[in-house]
Structures are given as C-alpha cells and as structure tokens.
Amino acid sequence: MKTIKTKNMKTTKILTIIGVISFALLSFTILQEKEWVVPAKYETMKNPIAPKTDAAIGKSLYMKHCKSCHGKEGYGDGPKADEQKGDLGDFSSEEFQSQSDGALFYKTTFGRDDMPEFKKKLPDDEDRWLIINYMRTLKE
C-alpha cells in the first residue's frame with residue numbers, strides 16, 4: 001500500500017512539474033510579440049516628401065489619427081492605449097527611429113492586429129508620408 005502511495009506522489013509531482021513548465025513556456029510564447037515583417041519593396045522605399053514640407057499638416061494628421069493610441073509625443077501612452085493588446089512602441093526610441101521610412105509607410109498603410117489600416121482612412125499616400133515625417137520629429 002505504501003509503495004502505491006509513494007508512486008502516486010511521485011507521479012503527481014512529475015505531472016505538476018510538467019504542468020508548471022508547460023504553462024511557463026506557453027505564457028512566454030503568448031507574451032512575445034511576433035515580428036512585423038515588412039516586404040523588401042517597402043523596406044527600401046524612399047519618402048518622396050522632404051522632411052520639413054507641410055510639417056504643420058503632418059502634425060495635424062498625427063494628432064487627429066494617431067495621438068489617441070500613440071500619445072501626443074509618441075510614447076504609446078494615448079487615452080486608448082490601455083485598450084490595445086500589443087506594444088504601441090515608443091516613437092522617440094532609437095529602435096523605432098532606425099526603421100526606414102518605407103517600413104513605417106508600410107505599417108501605417110496596412111496595419112496589423114490592433115493597428116488599423118490607414119489606406120482607407122487616409123487614401124492619399126502623401127498624407128501618410130507627412131505623418132511619417134512628423135513621427136521623425138519625435139525622437140529623443
């Protein structure tokens with residue numbers, strides 16, 4: 001009887017350890033953001049609008065369409081940020097600023113997950129390029 005009880009306790013311990021490890025691995029996998037792959041065509045795309053051209057328009061468009069999630073200064077702390085599931089990024093960071101203009105254009109145009117597609121809201125490519133120029137001014 002004692003042998004059966006000991007075996008059951010060992011089995012329970014092993015199953016508990018396996019369960020804890022499985023839960024930890026699953027949590028890590030879920031919490032990890034999937035990489036946002038930008039097609040090469042966009043990665044190398046150049047912004048056709050000079051950085052200071054219509055800067056006030058770029059800022060105005062950002063404040064209207066982006067600020068609610070990304071925040072006034074691009075820290076990802078806008079009033080709707082807590083409703084979003086993913087990392088909203090920090091536009092002032094070196095990591096964000098190191099992305100090509102084409103990559104930002106792609107992400108802004110097509111969106112993903114909680115990031116909406118702006119191709120319909122802002123059908124004029126020029127408007128999205130102006131926003132990208134404004135986002136460049138948010139670096140630290």
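Mentor: Helices here are DSSP runs of H or I with at least four residues, strands are runs of E with at least two, and both are numbered from the N terminus. On that basis this predicted model has seven helices and zero strands, so that the pattern along the sequence reads α-α-α-α-α-α-α. Of the chain's 140 residues, 33% count as buried, and among contacts between residues at least 6 apart in sequence, 61% join residues at least 24 apart.

The part I would look at closely is the largest nonpolar core, which has 21 residues, and in which Tyr62, Phe91, Ile131, Ile132 and Met135 touch the most other members. Helix 3 (55–65), helix 6 (101–110) and helix 7 (125–136) each supply at least two residues of this core, and the largest share, six residues, comes from helix 7. Ile131, with residues up to four places away in sequence not counted, touches Gly58, Leu61, Tyr62, Cys66 and Leu122.

Gln97 lies in helix 5 (residues 94–97), and a polar atom of the Gln97 side chain is 3.1 Å from the backbone oxygen of Met135. Gln97 counts as buried because its relative accessible area is 15%, where the cut-off is under 20%.

Key. Residues are numbered from 1 along each chain as its sequence is written. This is a predicted model: local features need pLDDT of at least 70, side-chain atom pairs count only at pLDDT 80 or more; totals for chains, interfaces and linings use all residues. Side-chain values use heavy atoms; hydrogens and water are left out. A nonpolar core is a set of buried Ala, Val, Leu, Ile, Met, Phe, Trp, Tyr and Cys residues joined through side-chain atoms within 4.5 Å. Buried means under 20% relative accessible area, exposed over 50%, partly exposed in between (1.4 Å probe, protein chains only). Contact means heavy atoms within 4.5 Å. A polar contact is a pair of N or O atoms within 3.5 Å; within protein, one must be able to donate a hydrogen and the other to accept it, and residues adjacent in sequence count only if both atoms are side-chain atoms.
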